[in-house]
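Hi everyone, thanks for making time this morning. I'd like to walk you through one structure, so please have a look at the sequence and the model as they come up.

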Amino acid sequence: SRLVFVTYCLLVSPGVARAQTLEDALLYAIDAAAADEFGRAVSVAGDLALVGAPHEDHSGLEDAGAAYLFQRMVNGSWIQIQKLGASDGAEFDQFGSSVSLFGTRAVVGAPLDDDHGDGAGAAYVFERSLDAGWIEVQKLSPGGGLAGDAFGTSVSMFGEEIVLGAPGKDGNGSEAGAVYLYERHAVGGWFLETQFQPFFNGELDRYGISVSFWGDRFAAGAWGADEDEFGPVGDFAGAVYISERNNGTWNLTNRIQASDRAAGAFFGYSVSLASDRVLVGAHGTGGNLAGAAYVFEARGSSYTTWEETAKLLPSDPDPAGDEFGKAVCLSPDRAWIGAALDEDQGDASGSAYLFELDPGGGWSQVSELATSNQAASDQLGAAAAFSGNRVLVGALAGDGSVPDSGATYVYDVGLGQTYCQ
């Protein structure tokens with residue numbers, strides 16, 4: 001396969017601030033405890049929501065982790081319908097660090113599972129049963145897994161396929177990273193189809209720290225990448241790799257980087273793919289963790305060349321370190337970007353920003369999301385997901401049923417038909 005390097009000029013569309021938007025619903029775990037980090041990972045599909053709490057002491061096991069399923073009722077309220085845990089959960093597995101929900105299936109990552117060594121990682125697939133709720137149907141753990149791989153750090157499911165990141169996997173150097181693609185077969189469940197380790201990847205690139213799947217494409221971030229096609233750029237400049245399926249065969253086709261790439265940008269720590277666009281977070285851009293997010297679009301007759309078309313910044317940037325872009329989510333014409341260390345309501349209270357694509361092709365900030373009970377250290381904006389007209393936003397230390405246990409907020413913002421996780 002051939003890698004295409006993107007070096008296009010930057011188009012910046014500054015945002016225009018509008019009034020803050022408050023949540024329509026607050027989700028929290030019934031059995032919450034302080035420091036569970038409920039909201040570390042979120043996913044939504046229609047009227048179902050899945051929220052990870054990787055530090056929950058499931059079955060009395062410290063940091064074994066859990067994930068919670070919620071259902072939206074006819075009257076608009078949300079109720080917790082089930083708590084998910086690993087059937088073989090153990091201390092410090094951190095089940096719930098990543099989650100993905102698609103239709104009647106869910107997958108939950110446990111990147112510190114130790115079946116193949118400390119921190120080798122695993123993921124669990126659940127399916128909805130008509131008479132037994134959501135049941136675990138398979139544990140995913142690649143046969144070649146080793147200690148420190150952190151398989152399951154990131155996960156994205158689309159249809160009957162799953163991509164999972166293992167950013168600690170050794171390859172062309174220690175912690176170069178890897179991505180795994182699983183496919184569901186009619187008989188036998190889920191099978192590993194392909195493992196990806198880009199030849200351009202190097203030591204500490206941590207490819208697979210983020211993944212996003214859409215149709216016949218997926219994107220995976222390598223936030224530690226320190227080179228471009230011309231040579232060294234600087235530690236943790238970052239990169240994102242695009243892989244595409246053509247005639248049934250998957251190939252790594254593109255490597256994209258910011259036009260203003262620089263050391264410490266962490267480009268690729270978060271990524272979201274929607275059709276022919278990809279949104280990439282770089283929460284270190286600008287120095288002091290100020291942050292930015294970049295939009296790339298597939299161009300050319302075969303849509304295999306990716307061009308950077310926008311750099312997104314908040315209307316109220318803080319050079320002191322909001323970490324704008326540490327979490328991102330994209331629909332075909334709207335973008336959500338988290339800034340978990342924003343200080344509008346106190347240190348690290350956090351914020352989330354919505355941008356829209358206008359008819360002229362530019363992006364504008366249309367709303368800043370906030371909460372009715374926001375306080376310092378909540379870290380609103382640590383995770384997000386879209387589905388339909390609904391946005392879920394995680395707050396790692398928000399006040400749910402217990403102070404500082406973590407919370408997730410639901411916003412109905414009229415986005416139309418979208419999907420992002």
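This is a predicted model: local features need pLDDT of at least 70, side-chain atom pairs count only at pLDDT 80 or more; totals for chains, interfaces and linings use all residues.

Let's start with strand 6, which covers residues 66–72. How much of strand 6 is buried? Five of its seven residues are, so strand 6 is largely enclosed by the rest of the structure. It has a pairing partner on the way in, because strand 5 and strand 6 pair in the antiparallel sense over six bridges, with buried residues making up most of strand 6 as I said. If you want a place to look, Val 51 has Tyr 68 in strand 6 as its bridge partner.

Strand 6 also pairs with strand 7, residues 78–84, again in the antiparallel sense and over six bridges. Here you can pick out Gln 71, whose bridge partner in strand 7 is Ile 79. Strand 6 and strand 7 form a hairpin with five residues between them.

Now to the loop between strand 5 and strand 6, where we find His 58. Is His 58 buried or exposed? Its relative accessibility is 19%, and the cut-off for buried is under 20%, so His 58 counts as buried. Leaving out residues up to four places away in sequence, His 58 touches Ala 64, Gly 65, Lys 83 and Gly 85.

On to the charges. The structure holds 27 salt bridges, and I've picked three of them to show you.

In one, Glu 160 pairs with Arg 105, with the closest N and O atoms 3.5 Å apart. This pair links distant parts of the chain, 55 residues apart: Glu 160 sits in the loop between strand 12 and strand 13, and Arg 105 is in strand 9. Glu 160 counts as partly exposed because its relative accessibility is 37%, while Arg 105, at 14%, counts as buried.

Next, Asp 113 forms a salt bridge with Lys 139, and there the closest N and O atoms are 3.1 Å apart. Asp 113 is in the loop between strand 9 and strand 10, Lys 139 is in strand 11, and they are 26 residues apart. With a relative accessibility of 1%, Asp 113 counts as buried, whereas Lys 139, at 23%, counts as partly exposed. Both belong to a network of salt bridges that links Asp 88, Asp 113, Asp 115 and Lys 139.

Last, the largest pocket, with a volume of about 870 Å³. It is lined by 37 residues, and those closest to its centre are Arg 40, Ser 97, Thr 153, Ile 209 and Ala 382. Which strand gives the largest share of the lining? That is strand 30, with four residues. Several strands supply at least two lining residues each, including strand 4, strand 8 and strand 16. By type, the lining divides into 21 nonpolar, twelve polar and four charged residues.

That's my tour, and I'm happy to go back to any part.

Conventions
Residues are numbered from 1 along each chain as its sequence is written. Side-chain values use heavy atoms; hydrogens and water are left out. Buried means under 20% relative accessible area, exposed over 50%, partly exposed in between (1.4 Å probe, protein chains only). Contact means heavy atoms within 4.5 Å. A salt bridge is a side-chain nitrogen of Lys or Arg within 4 Å of a carboxyl oxygen of Asp or Glu. On a 1 Å grid over the protein atoms alone, a cavity is a set of points where a 1.4 Å probe fits but cannot get out, and a pocket is an open set with protein on both sides within 12 Å along at least five of seven lines; lining residues have an atom within 4 Å of a point. Grid points are joined across faces, edges and corners, and a volume is the space filled by probe spheres set on the points. Ala, Val, Leu, Ile, Met, Phe, Trp, Tyr, Cys and Pro count as nonpolar, Asp, Glu, Lys and Arg as charged, and the others, Gly among them, as polar. Two strands pair if DSSP finds at least two bridges between them.
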